[in-house]
Amino acid sequence: DFYGLSSISGSLTNIHVLVISDIDNAILPIVIGRLQSLQSLTLDEIEGENAIPAEIGKLKNLTVFKITASELERVPPEIGNITNLKNLTISDNEDMDTLPLSVATLTNLINVTVKDNPKLSIPDSLLEQPKLETITINGEQIRELPTVVYRLSRLRLLDYSDNRIATVSSRLTEITSLQSILFAHNQLATFPNLDKLVNVEL
């Protein structure tokens with residue numbers, strides 16, 4: 001269980017997937033940094049504004065990190081040390097207002113999902129990772145598409161549904177790898193011609 005993490009044994013350090021859910025007013029024990037084989041970590045319904053310790057940055061083999069439906073206000077800058085991270089999900093966190101600038105070092109990211117975090121400001125550096133293939137940014141009150149997105153040569157899916165975007169630059173056609181684009185439930189007045197795309201939903 002959660003509190004059992006405080007006395008991690010040698011055998012537990014070999015686990016690959018960990019889900020911590022429905023914990024009130026707690027701080028993850030710093031020994032979480034000893035889970036060197038951990039590949040997937042989900043924090044769901046976690047209460048405690050600074051519940052994630054800096055030791056999270058020691059999870060060098062982590063490729064999937066999800067923070068969902070929690071009352072966390074911040075993610076420690078040490079997340080930038082998880083350089084093997086490929087999939088990041090931040091969703092339904094009412095109090096989270098920022099992500100650290102250190103996300104710029106997550107250069108192996110392939111999939112980013114940020115949904116329904118009403119206070120969150122998303123740094124452009126999160127979305128300029130060269131290997132990104134899917135970006136899902138839903139319900140974040142975004143008013144314009146970050147220009148860094150136009151430089152993503154591997155991007156296949158771009159989903160900015162449920163925002164406040166009014167116009168999209170014709171530069172979107174520069175992303176020749178795009179296969180699907182979802183911009184439903186925005187305030188679009190103009191949109192570039194994207195006839196070659198497999199799937200366009202406005």
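**Inside the fold**

Guide: Among contacts (heavy atoms within 4.5 Å) in the protein chain between residues at least 6 apart in sequence, 34% join residues at least 24 apart. This is a predicted model: local features need pLDDT of at least 70, side-chain atom pairs count only at pLDDT 80 or more, and totals for chains, interfaces and linings use all residues. Residues are numbered from 1 along each chain as its sequence is written, and side-chain values use heavy atoms, with hydrogens and water left out.

Start with the whole chain. It has nine strands and zero helices. Both kinds of element are DSSP runs numbered from the N terminus: helices are H or I with at least four residues, strands are E with at least two. In sequence order the pattern is β-β-β-β-β-β-β-β-β. Of the 202 residues, 50% are buried. Buried means under 20% relative accessible area, exposed over 50%, and partly exposed in between, with a 1.4 Å probe and protein chains only. The chain exposes about 9700 Å², and carbon and sulfur atoms supply 46% of that area. Accessible areas come from the Shrake-Rupley method with a 1.4 Å probe; for residues, only the protein chains shown count as cover.

Now the core. The largest nonpolar core holds 55 residues. Such a core is a set of buried Ala, Val, Leu, Ile, Met, Phe, Trp, Tyr and Cys residues joined through side-chain atoms within 4.5 Å. The residues with the most contacts inside this one are Leu-41, Phe-65, Leu-126, Ile-135, Leu-158, Tyr-160 and Leu-172. In soluble globular proteins, nonpolar side chains tend to be buried together.

Take Leu-41. Beyond residues up to four places away in sequence, Leu-41 touches Leu-18, Ile-32, Ile-56, Leu-59, Leu-62, Val-64, Phe-65 and Lys-66. Next along is Thr-42, in strand E2. Thr-42 counts as buried because its relative accessible area is 15%. Outside four places in sequence, Thr-42 contacts Leu-18, Val-19, Ile-20 and Lys-66. Glu-45 is also found in E2. At 38% relative accessibility, Glu-45 is partly exposed. Its phi is positive, about 55 degrees, although Glu-45 is not a glycine.

Thr-63 is in the loop between E2 and E3. A relative accessible area of 23% makes Thr-63 partly exposed. Its C-alpha atom is 8.5 Å from that of Leu-38, 25 residues apart along the chain. Leaving out residues up to four places away, Thr-63 touches Gln-39, Asn-84, Leu-85, Lys-86 and Asn-87.

On to E4. Four of its five residues are buried. E4 pairs with E3 in the parallel sense over five bridges, where pairing requires at least two DSSP bridges between the strands. Thr-68 stands opposite Ser-91 in E4. E4 and E5 also pair in the parallel sense, over five bridges. There, Ile-90 stands opposite Val-114 in E5.

Asn-93 lies in the loop between E4 and E5. Its relative accessible area is 0%, so Asn-93 counts as buried. Its side chain reaches the backbone nitrogen of Ala-69 at 3.4 Å. Beyond four places in sequence, Asn-93 contacts Ile-67, Thr-68, Ala-69, Ser-70, Asp-116, Asn-117 and Pro-118. Among these, Asp-116 lies in the loop between E5 and E6. Asp-116 has a positive phi near 55 degrees and is a residue other than glycine. At 39% relative accessibility, Asp-116 is partly exposed.

Last, the rings. The whole structure has two aromatic pairs. Tyr-160 and Phe-183 have ring centres 6.0 Å apart and planes at 20 degrees, so the pair is stacked. Tyr-160 lies in the loop between strand E7 (157–159) and strand E8 (180–182), and Phe-183 in the loop between E8 and strand E9 (199–201), so the pair ties together parts 23 residues apart in sequence. Both Tyr-160 and Phe-183 are buried. Phe-183 also pairs with Phe-191, edge-to-face, at 5.5 Å centre to centre and 65 degrees between the planes. The cut-offs: rings of Phe, Tyr and Trp (its six-membered ring) pair if their centres lie within 6.5 Å; planes under 30 degrees apart are stacked, over 60 edge-to-face, and the rest tilted. Phe-183 has a relative accessible area of 1%, whereas Phe-191 is partly exposed at 22%. Tyr-160, Phe-183 and Phe-191 form one aromatic cluster.

Terms used
Polar contact = N/O pair within 3.5 Å; in protein donor to acceptor, adjacent residues only side chain to side chain.
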